[in-house]
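Trainee: Could you take me through how aromatic pairs and their surroundings are read in a model?

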Amino acid sequence: EFLKADKSLLDLGYVDSTQYTDKASSITLGLNWYPNEMVRFMLNYYHIKFDDSIAVSGERIDNEDAVLTRFELVF
């Protein structure tokens, strides 16, 4: 998968616009649990590796990890 973002996003101030990378690789691992036909729990782990380190809030990072959860109820 590829994500192409407009460089004007850098103007929002989340990343130092002089120190950014134009490529990143990621891996996602997911787990779904269906305790019954109306309920689903989801857990996703994301690991993102930047080709060049970036500056975020004054700190240099070259990778990022995230864990996201979701609960779904069908009625």
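**Reading an aromatic cluster**

Mentor: Phe-71 counts as partly exposed, at 48% relative accessibility, where partly exposed lies between buried (under 20% relative accessible area) and exposed (over 50%), with a 1.4 Å probe and protein chains only. This is a predicted model, in which local features need pLDDT of at least 70 and side-chain atom pairs count only at pLDDT 80 or more, while totals for chains, interfaces and linings use all residues. Residues are numbered from 1 along each chain as its sequence is written, and side-chain values use heavy atoms, leaving out hydrogens and water.

Trainee: How many aromatic pairs are there?

Mentor: Rings of Phe, Tyr and Trp (its six-membered ring) pair if their centres lie within 6.5 Å, and planes under 30 degrees apart count as stacked, over 60 as edge-to-face and the rest as tilted. By this rule there are two aromatic pairs. Trp-33 and Phe-41 are stacked, at 5.3 Å centre to centre with 20 degrees between the planes. The pair of Phe-41 and Phe-71 is tilted, because the centres are 5.0 Å apart and the planes at 45 degrees.

Trainee: Which strands hold Phe-41 and Phe-71?

Mentor: Strands are DSSP runs (E, at least two residues), numbered from the N terminus. Phe-41 lies in strand S2 and Phe-71 in strand S3 (residues 59-73), so this pair ties together parts that are 30 residues apart in sequence.

Trainee: Is Trp-33 buried or exposed?

Mentor: Trp-33 counts as exposed, at 51% relative accessibility, whereas Phe-41 is partly exposed at 33%. Ring pairs link Trp-33, Phe-41 and Phe-71 into a cluster.

Conventions
Helix = DSSP H or I, 4+ residues; strand = E, 2+ residues; numbered from the N terminus.
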